[in-house]
Amino acid sequence: MFKQRVKGHHREALEKPVMASKDELESFLQNECEDKEGVIYFHIPFCDNICSFCNLHRTKLDDELDEYVKFLLKEIDYYAKFPYIKTKIFKSVYFGGGTPTILKQRHLEQILNAINKSFSLDKDVEFSFETTLHNLTQNKIELMHALGVNRYSIGIQTFSTRGRKILNRIGDKKSAIDKLAMIKESFGGLVCTDIIYNYPKQSIQEVLEDAKVLKSLKIDSSSFYSLQFQEGSIFSKQYDENYYDLQTDYKLHNAFLTSLLKDEYELLEYTKINRKNRDRYLYIKLSHKGTDILPIGVGAGGRVGLYSIFTPRQNMQVVSKTSQIQLNFNIYSNLFQYDKISITQIKSFLDKTTFEKIEEFFKACEKKGYVKIENGVIKFSADGVFWGNSIAWEAIELAKDYFIEKLKKAS
């Protein structure tokens, strides 16, 4: 049904962004918000070790954290003064990177205190940090927990010593398991991980061992991504992408997924698995439904109201304005990241003709065994989850003309 597997989430801009000035943004922020829910995203673009597969916005650390922390504190003060931000109740705070826990304890204390003082956080806020194992110390864990951090997303990638060398991870299998067990034991919040499969010559035994370790440590949730060739990464320069084999990818994916699902885990979305009733996954779920994301830090991007904000450098900010139609298209596209999709919800975004195309497509998926349609819900099988992003891509493409036509009529 599909010629190749789409591995990443499909996002597309239907229209060119309309550039806006900082004055326009500030004028908008003088208003009180209507939707009280909000997310804050902080970006820490530094690492002390560059993973071979990564090409994200990050810099190898070089004595510049003090200056960067001053910049973050200034940004917190700047945004916190506006009525729009003051009237928000932030349900999720997320630190991504880079490696946010590369910050020293004194930096973390300053930033976390400033966040707690400056923003209205929900009493049940999800407060997440991405981290590596080697950057997270016992002292940092205690400090961060005391200041509200309640979720870690730890970049493990694999427990295989051979795989960790390929992906340029620090430490071997034993040291990774020992450190993760220590964090799980001493941290009072959620411990979540990232796993990458389908690195060169990975065996079924290796991917099953990764699943076994996650289960034995009762890890609260884990992403699981098939390794992608990222242009500019060290990995893309060291390996020929022709090593990729679709059948191997399929076997590794389904072995990992079915191993976890047969025990106490459930699917959160195509690439996320959760120990039942543990991880709320708020940062992603809120962003998928179009909740405002206030971006803070170099490399951070987000949107408040219809204003998109991106900060490429400390002294530069790019502001643009998007349309409600584009935003609705984004929310529609995000529906197709989950293994259970309400047909009524799909229908609510589309006209009759477009919906019938989508309905016909999913009936074809059902014949292939990728989904089962019952009681108004599209439910994905393990094979459907493997092809999930390819299915999403097609469902989005089928609806694209409808949204483009709406944009033309609105202009």
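My entries go from aromatic rings to charges over rings and then to helices.

**Ground rules.** I am working with a predicted model, where local features need pLDDT of at least 70, side-chain atom pairs count only at pLDDT 80 or more, and totals for chains, interfaces and linings use all residues. Residues are numbered from 1 along each chain as its sequence is written, and side-chain values use heavy atoms, with hydrogens and water left out.

**Aromatic pairs.** I searched the whole structure and got 28 aromatic pairs. Rings of Phe, Tyr and Trp (its six-membered ring) pair if their centres lie within 6.5 Å; planes under 30 degrees apart are stacked, over 60 edge-to-face, and the rest tilted.

I looked at F28 and Y84, which make a tilted pair with 4.7 Å between centres and 45° between planes. F28 sits in helix α1 (residues 22-29) and Y84 in helix α3 (residues 83-86), 56 residues apart, so I noted a link between distant parts of the chain. Y84 is buried at 7% relative accessible area (buried is under 20%, exposed over 50%, partly exposed in between, with a 1.4 Å probe and protein chains only).

Next I checked Y41 and Y94, a stacked pair at 6.1 Å centre to centre and 15° between planes. Y41 is in strand β2 (residues 37-44) and Y94 in strand β5 (residues 89-97), so this pair ties together parts 53 residues apart in sequence. Y41 is buried at 11%, and Y94 is buried at 8%.

**Charges over rings.** I found R5 over the face of F386, 3.9 Å from the ring centre. The charged end of K22 sits over the ring of Y78, 4.9 Å from its centre. The rule is NZ of Lys or CZ of Arg within 6 Å of the ring centre and within 35 degrees of the ring normal.

**Helix packing.** Helix α12 (residues 324-334) and helix α16 (residues 388-410) pack at about 170°, axes 10 Å apart. Axes are lines fitted to C-alpha atoms, for helices over the stretch in contact, and angles run from 0 to 180 degrees between N-to-C directions. I therefore wrote down α12 and α16 as roughly antiparallel (over 145 degrees; under 35 is roughly parallel, 65 to 115 roughly perpendicular, the rest oblique).

What about α14 and α16? The axes of helix α14 (residues 352-367) and α16 come within 9 Å and cross at roughly 165°, so these two are roughly antiparallel as well.

Definitions and conventions: Helices (H or I, at least four residues) and strands (E, at least two) are DSSP runs, numbered from the N terminus.
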